[in-house]
Amino acid sequence: MITIGSAVMVAGFLTFSSIASAHVTVKPAQSMPSAWETYTIKVPSEKDLPTTKVTLKVPENLSFKQYQPVPGWKTTTEKNDADEITSITWEAESGGIEAGQFQQFVFVGENPAKDGELAWDAYQYYSDGSVVEWTGKEGSELPHSITTITENAATATPAAPTTDGHDAAATEDTATATDEATGTTTDTAPSTDMNTMPMEQPASSNGLQVTTLIIAIIALVLGGVAVMNSRKRK
């Protein structure tokens with residue numbers, strides 16, 4: 001017979017599942033070879049703590065080109081000896097991404113010339129100092145996001161002109177100050193209003209609705225069982 005304890009366990013499992021599904025992701029999931037693609041990393045806060053920093057490793061076969069500044073976030077990049085950007089970090093200047101919220105960061109990269117996969121390793125830092133490493137393979141508990149590079153991609157960004165080396169789709173200049181000694185680039189003039197970006201309903205809200213529905217169904221079942229037991233005793 002189903003008990004109240006079982007109902008609580010089911011509710012807890014469903015709530016955990018809805019939270020665990022809110023992964024850090026990079027879109028699009030497909031793109032064309034050699035295209036200058038505009039990528040978006042979506043970062044939800046899964047804990048009851050704000051996310052204060054996110055670091056994204058740039059896949060070795062992707063050429064990182066530029067990023068879109070975000071008000072309230074400091075953006076820095078790291079480079080290797082060949083002056084190629086190997087990682088980008090967004091750090092909140094105050095607050096951060098609160099529980100039940102998400103933030104999106106946009107950047108442009110030139111895809112490799114051949115078909116393959118881009119694995120996006122991401123590191124999510126919370127205000128208590130804990131770090132969630134989204135570096136696992138597909139199907140793992142903490143998977144990294146994957147973009148498939150293929151000629152058969154449904155949508156693709158046209159390759160940028162070779163005359164000026166800039167993204168043809170970019171319409172706003174990004175003001176930055178570059179430290180030549182360290183190879184670190186920092187935003188100095190954020191110009192993008194994130195309020196104009198489309199918002200999505202947090203995954204935790206859907207999880208709460210599912211949990212509430214399950215508890216209601218279990219309550220009805222328990223009530224029916226109690227009535228049947230009462231009639232048998234009579």
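Q: Of the contacts with a separation of 6 or more, what share comes from residues 24 or more positions apart?
A: 71% of them. Keep in mind that this is a predicted model.

Q: What secondary structure does the chain have?
A: Two helices and 14 strands.

Q: How much of the chain is buried?
A: The chain has 234 residues, and 34% of them are buried.

Q: And the accessible surface, what does that come to?
A: About 13600 Å². Carbon and sulfur atoms hold 54% of that area.

Q: OK, the inside. How many residues are in the largest nonpolar core?
A: It has 27 residues. Those with the most contacts inside it are Tyr-39, Ile-41, Leu-56, Trp-90, Phe-107 and Trp-120.

Q: Which elements give two or more residues to this core?
A: They are strands S3 (36-44), S4 (51-57), S5, S7 (85-92), S8, S9 (116-120), S10 (122-126) and S11 (131-134).

Q: Which one gives the most?
A: S7, with four residues.

Q: Switching to rings. How many aromatic pairs does the whole structure have?
A: Seven. One of them is Tyr-39 with Phe-107, a stacked pair at 5.8 Å centre to centre, with 25 degrees between the planes.

Q: Where do those two sit in the chain?
A: Tyr-39 is in strand S3 and Phe-107 in strand S8. They are 68 residues apart, so the pair links distant parts of the chain.

Q: Buried or exposed, those two?
A: Tyr-39 counts as buried, at 0% relative accessibility. Phe-107 is buried as well, at 1%.

Q: What about Trp-90 and Phe-105, how do they pair?
A: They are stacked too, with centres 4.7 Å apart and 20 degrees between the planes. Trp-90 lies in strand S7 and Phe-105 in strand S8, 15 residues apart. Both residues are buried.

Q: Which residues do ring pairs link into a cluster?
A: Tyr-39, Phe-64, Trp-73, Trp-90, Phe-105, Phe-107 and Trp-120.

Q: Now charges. How many salt bridges are there?
A: Two. Lys-65 pairs with Glu-110, with the closest N and O atoms 3.5 Å apart.

Q: Which strands are Lys-65 and Glu-110 in?
A: Lys-65 is in S5 (residues 63-67), Glu-110 in S8 (residues 102-110). The pair therefore ties together parts that are 45 residues apart in sequence.

Q: How accessible are they?
A: Lys-65 has a relative accessible area of 32%, so it is partly exposed. Glu-110 is at 26% and also counts as partly exposed.

Q: And which side chains make the salt bridge with Lys-79 in it?
A: Lys-79 and Asp-83, at 3.5 Å from N to O.

Q: Why does Asp-83 count as exposed?
A: Because its relative accessibility is 53%, and exposed means over 50%. Lys-79 is at 28%, so it counts as partly exposed.

Notes
Residues are numbered from 1 along each chain as its sequence is written. This is a predicted model: local features need pLDDT of at least 70, side-chain atom pairs count only at pLDDT 80 or more; totals for chains, interfaces and linings use all residues. Side-chain values use heavy atoms; hydrogens and water are left out. A salt bridge is a side-chain nitrogen of Lys or Arg within 4 Å of a carboxyl oxygen of Asp or Glu. Buried means under 20% relative accessible area, exposed over 50%, partly exposed in between (1.4 Å probe, protein chains only). A nonpolar core is a set of buried Ala, Val, Leu, Ile, Met, Phe, Trp, Tyr and Cys residues joined through side-chain atoms within 4.5 Å. Rings of Phe, Tyr and Trp (its six-membered ring) pair if their centres lie within 6.5 Å; planes under 30 degrees apart count as stacked, over 60 as edge-to-face and the rest as tilted. Contact means heavy atoms within 4.5 Å. Accessible areas come from the Shrake-Rupley method with a 1.4 Å probe; for residues, only the protein chains shown count as cover.
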